[in-house]
Protein chains: 2
Amino acid sequence: MIIKIVAVGKLRERFWQEGVADYARRLGAYARLEVIEVPETRVEGEAPAGVERVLAREGDAIRRKLRSREGGLVVALDRQGKAMASLDLAAWMEQKTLEGVKEITWIIGGPLGLDPALLEQADLLLSFSSLTFPHQMMRLMLLEQLYRCFKIMKNEPYHH
Amino acid sequence: MIIKIVAVGKLRERFWQEGVADYARRLGAYARLEVIEVPETRVEGEAPAGVERVLAREGDAIRRKLRSREGGLVVALDRQGKAMASLDLAAWMEQKTLEGVKEITWIIGGPLGLDPALLEQADLLLSFSSLTFPHQMMRLMLLEQLYRCFKIMKNEPYHH
């Protein structure tokens, strides 16, 4: 399975970088991981027009990275998406693997969220929390959760 | 406001320690933070009896740390608790402050969760996610979210 993560913005603090590197290494035992960063756009002008422009520009940059292998799926992380238990997310990934899916792309937006047009295109809108978290933390949460899902799929114990 | 965190288990990897220290420092501008660690108990014997014994023992250890100032509240983090938006959690904290609450204790269980008796005693069961996360990560998520709530209450911009 190829796990592609398209994320808006960089990891700034060292602890985010080290945490993400740690889980990327663990995940590497189960999947081929590709992480693609798209630049964060600054808001210029008044909200909501300024915000819409940022989301549209970031959305375009993300879309250019989405060309995937045949049969690839796109999951967008969205606070208002579907809330799932880890067991259910693992079961969904397992089912898609059985259906022949070889690649899943996971999209993490910037501080303002994701372009509504992108949300419409995604195969799954997944909510990690009804709370808002920094996008840097979301990347660590996503990697940890993907690692957890592979552990569940392989029926292996999870070592913290 | 005094923010007391009672957590089962230690932070092992350095990036968890550094991330938690970073958000503890930021939170320190808004609240007096006390973090109390309770030892994680190993499961001995078969599930579910072994698990119940662990939760009961960890629950006892947590309860001994809960004696709080008059009018203090207890929030237990529970995957099946109430899902809230950050704005709603901040509004809840603001309301409690107006009602004279000077201290809120936040409880994070270990890998097996929390003693059901403790969940019954809590003033609020708060769900951070329907997904399962490592308890080390939960501590970082909680600190970040409390920092975010104080920023919202003070009407200050959030710097990532």
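**The interface and the sheets**

Student: Which residue of chain B forms a salt bridge with Arg14(A)?
Tutor: Glu18(B) does, with the closest N and O atoms 2.8 Å apart. A salt bridge here is a side-chain nitrogen of Lys or Arg within 4 Å of a carboxyl oxygen of Asp or Glu. This is a predicted model: local features need pLDDT of at least 70, side-chain atom pairs count only at pLDDT 80 or more, and totals for chains, interfaces and linings use all residues. Side-chain values use heavy atoms, without hydrogens and water, residues are numbered from 1 along each chain as its sequence is written, and chains are lettered from A, ligands numbered from 1, in the order in which they are written.

Student: How many salt bridges between chain A and chain B?
Tutor: Four.

Student: Which elements of chain A supply the side that touches chain B?
Tutor: Helix H1 (14–27), strand E3 (73–83), helix H3 (86–98) and helix H5 (135–153) of chain A each supply at least two residues. Helices (H or I, at least four residues) and strands (E, at least two) are DSSP runs, numbered from the N terminus. H1(A) gives the most, eight residues.

Student: And how many residues are in contact?
Tutor: 32 of chain A with 32 of chain B; contact means heavy atoms within 4.5 Å.

Student: What area is buried there?
Tutor: About 2800 Å², with carbon and sulfur atoms giving 59%. That is the accessible area (1.4 Å probe) that two parts lose on being put together, summed over both.

Student: New topic. What is the strand order in the chain A sheet?
Tutor: E2-E1-E4-E3-E5, an open sheet of five strands with parallel pairing. Two strands pair if DSSP finds at least two bridges between them. Strand E2 (32–38) and strand E5 (124–127) of chain A are the edges, each pairing on one side only.

Student: Over how many bridges do E1(A) and E2(A) pair?
Tutor: Seven, in the parallel sense. Ile2(A) has Arg32(A) as its bridge partner in E2(A).

Student: What about the order in chain B?
Tutor: An open sheet of five parallel-paired strands, E2-E1-E4-E3-E5. Strand E2 (32–38) and strand E5 (124–127) of chain B have a single partner strand each, so one side of each lacks a neighbour in the sheet.

Student: What stands opposite Ala83(B) in E5(B)?
Tutor: Ser127(B). Strand E3 (residues 73–83) of chain B pairs with E5(B) over five bridges, in the parallel sense.
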